[in-house]
Amino acid sequence: MIIGIIDCGGANLNSIYYSFKRLGINTVISNSKNELSGLDAYVLPGVGSANAVMQCLKDKSLIDFIKNITKPVLGICIGMQIMYEYSEEGDTQCLGIIDGKIKKFKSDKSLTVPQMGWNKLLCNDDLKSLNGHYYYANSFYTDSTDSAMGYTEYGVNYTSLVKKNNFIGCQFHPEKSSVSGEKFLQYFLTTA
Amino acid sequence: MLTRRIIPCLDVKDNSVVKGVRFRNHEIVGSIIDLAIKYNNEGADELVFYDIGASTYDGVVSKEWVKAIAEKINIPFCVAGGIKSVEQAKVILNSGADKVSVNSPAIERPELIHELANEFGSQCVVVGIDSLMIEDDYIVYSKTGDENTATNTSIKTIDWIEKVQELGAGEIVLNCMDRDGVRDGYDIYQLNKMISISNIPVIASGGAGSMKDFKNVLTQTNSSGALAASVFHKNLFNINDLKIYLKKESLNIR
């Protein structure tokens, strides 16, 4: 099995590469349609901002390519957020694979933003083996419940795991979430 | 609910992990990778690597050890030390670090914080602040990696905290300098004062000597986490035992 890590300019590509390497899985990091075509599964990493990632996908003509992937796709953090229709971050039109939009957490003294650290994922019954603590670093979240599979509480109870057809999105960083993160990546591999 | 983080800090100098007392007299405590793996396996929530020589000697952290760490551990880590530009930060983040922390270079050129937040997002940008009480007020120090270069900036800590938030910092590590390495408890008073003006996470640093010190800082302040070095390096207790203790004390710990 070879996994394509879609290089949309953000950092953290190496972390994702290493996390699959620890699981014995080969990866290709690329932003070229030719190099990415025909692989077994894809990861859309996300560190940076929604507008920067979307602009990069546009520049590399990857938007239609991603929408048309029929193999499993895992969007991580901003990679998940851009699967929705729209993000408040930089007033950005996103991929529109999942219904809904991305909003900013309302910060105050009791709710520091970004959400930074380990929080609990609570999944629907059929995925409850994935329940546990994962690492989050995000200022934005979705208030959509379209295809929601798991939730996290941070000021609001929001969708932090989504699965629509072959597209899976997680707001947390499985590549940085120790044992639970490894288990989650293994779950993703079982869908491939 | 977000859990409170326990964060070992590894001060790196000349490719080894070192620890001094009150930022002075550094002694070598071990290899970077060995300690990173040890803390990862013990249940650390995050690691911070401070290249304490970089800012004072005009260097920048080498990316090879950053890559080596990213390859071996699967928890987030932050790298600090002499990062002065978006380009330098990009090398560190692309090597597998999750955040960069800026201290002295941000004091010299505050726009750096904005540039980093703009390029990578606030969640990647930590500002380390070395703060010391001077005549009834908390003052920011720069270049504290070496006692010969440590400088009183005359900037009030409270003003600097307001400023770094405006510029887009995603987190603050507040090093209470007169507690550093002396292991007699975190500076609860200063931390509460500074956390009360912060809308971004603040990590407590300086003074951990016992498990009770962690309990005190996490129950008596709203710090997002507690950072410590010597208690872990000197094996006074391990992180797993600390977390079991804190959970028994009803703290929300992973």
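Predicted model: local features only at pLDDT ≥ 70, side-chain atom pairs only at ≥ 80, totals over all residues.
1. Chain A, overall. Chain A holds 6 helices and 13 strands. Its radius of gyration is 15 Å, close to the 16 Å that the globule rule gives for 192 residues, so chain A is as compact as a globular protein of that length. The C-alpha trace spans about 45 × 35 × 25 Å along its principal axes. Of the 192 residues, 52% count as buried. Among contacts in chain A with a separation of 6 or more, 65% come from residues 24 or more positions apart.

2. Chain B, overall. In chain B there are 10 helices and 12 strands. The radius of gyration of chain B is 16 Å, close to the 18 Å from the globule rule for 254 residues, so this chain too is as compact as a globular protein of its length. Taken along the principal axes, its C-alpha atoms fill a box of roughly 45 × 45 × 40 Å. Buried residues make up 57% of the 254 residues. Of the contacts in chain B between residues at least 6 apart in sequence, 66% join residues at least 24 apart.

3. The contact between the chains. Chain A gives 32 residues to the contact and chain B gives 30 residues. On the side of chain A that touches chain B, at least two residues each are supplied by α1 (13–22), β8 (115–123), β9 (132–138), β11 (148–154) and α6 (178–191) of chain A. By class, that side of chain A has 11 nonpolar, 15 polar and 6 charged residues.

4. Strand β1 of chain A. This strand covers residues 2–6 and is mostly covered, with 4 of its 5 residues buried. Strands of a sheet pair through backbone hydrogen bonds, either parallel or antiparallel. Here β1(A) pairs in the parallel sense with strand β2 (residues 26–30) of chain A, over 5 bridges, and A:Ile2 stands opposite A:Asn26 in β2(A). β1(A) also pairs in the parallel sense with strand β3 (residues 41–44) of chain A, over 3 bridges. In that pairing A:Ile5 stands opposite A:Val43 of β3(A).

5. An open sheet in chain A. Four strands of chain A form an open sheet with mixed pairing, in the order β6-β5-β7-β10. Its edge strands are β6 (92–93) and β10 (140–142) of chain A, each of which pairs on one side only. Strand β7 (residues 101–104) of chain A runs antiparallel to β10(A), and 3 bridges join them. A:Ile102 stands opposite A:Thr142 in β10(A).

6. B:Leu10. This residue is found in strand β1 (residues 5–13) of chain B. Is B:Leu10 buried or exposed? B:Leu10 counts as buried because it has 25 C-beta neighbours inside 10 Å, and the cut-off for a buried residue is 20 or more. Leaving aside neighbours within four places in sequence, B:Leu10 is in contact with B:Val17, B:Ile32, B:Leu35, B:Leu47 and B:Phe49. B:Phe49 is 39 residues from B:Leu10 along the chain, yet their C-alpha atoms are separated by 4.9 Å.

7. Helix α7 of chain B. The buried residues of this helix (residues 188–195) are B:Gln190, B:Leu191, B:Met194 and B:Ile195. They cover an arc of only 125 degrees around the axis, so they lie on the same side of α7(B). The buried residues of α7(B) pack against β7 (125–134), β8 (137–142), α6 (157–166), β10 (171–176), β11 (202–205) and α8 (211–220) of chain B.

8. The largest nonpolar core. In soluble globular proteins, nonpolar side chains tend to be buried together. The largest nonpolar core in this model has 132 residues, of which B:Val48, B:Val100, B:Ile172 and B:Ala226 touch the most other members. Not counting residues up to four places away in sequence, B:Ala226 touches B:Ile6, B:Ile7, B:Tyr186, B:Ala204, B:Ala208, B:Phe214, B:Val217 and B:Leu218.

9. Backbone points to check by eye. Most residues other than glycine have a negative phi, and most peptide bonds are trans. The peptide bond from A:Val113 to A:Pro114 is cis, with omega near 10 degrees, and A:Pro114 lies in the loop between β7 and β8 of chain A. A:Ser147, in the loop between β10 and β11 of chain A, has a positive phi of about 55 degrees although it is not a glycine. A:Ser147 is partly exposed, with 19 other C-beta atoms within 10 Å. B:Glu135 also is not a glycine and has a positive phi, of about 45 degrees. B:Glu135 sits in the loop between β7 and β8 of chain B and is exposed, with 5 other C-beta atoms within 10 Å.

Definitions and conventions
Residues numbered from 1 in each chain as written. Chains lettered and ligands numbered in written order. Buried ≥ 20, exposed ≤ 12 C-beta atoms within 10 Å, placed from the backbone. Pairing = 2+ DSSP bridges. Contact = placed C-beta atoms within 7 Å. Nonpolar A, V, L, I, M, F, W, Y, C, P; charged D, E, K, R; others polar. Arc of directions from axis to C-beta. Core = buried A, V, L, I, M, F, W, Y, C linked by C-beta atoms within 7 Å. Rg over C-alpha atoms; globule rule 2.2 N^0.38 Å.
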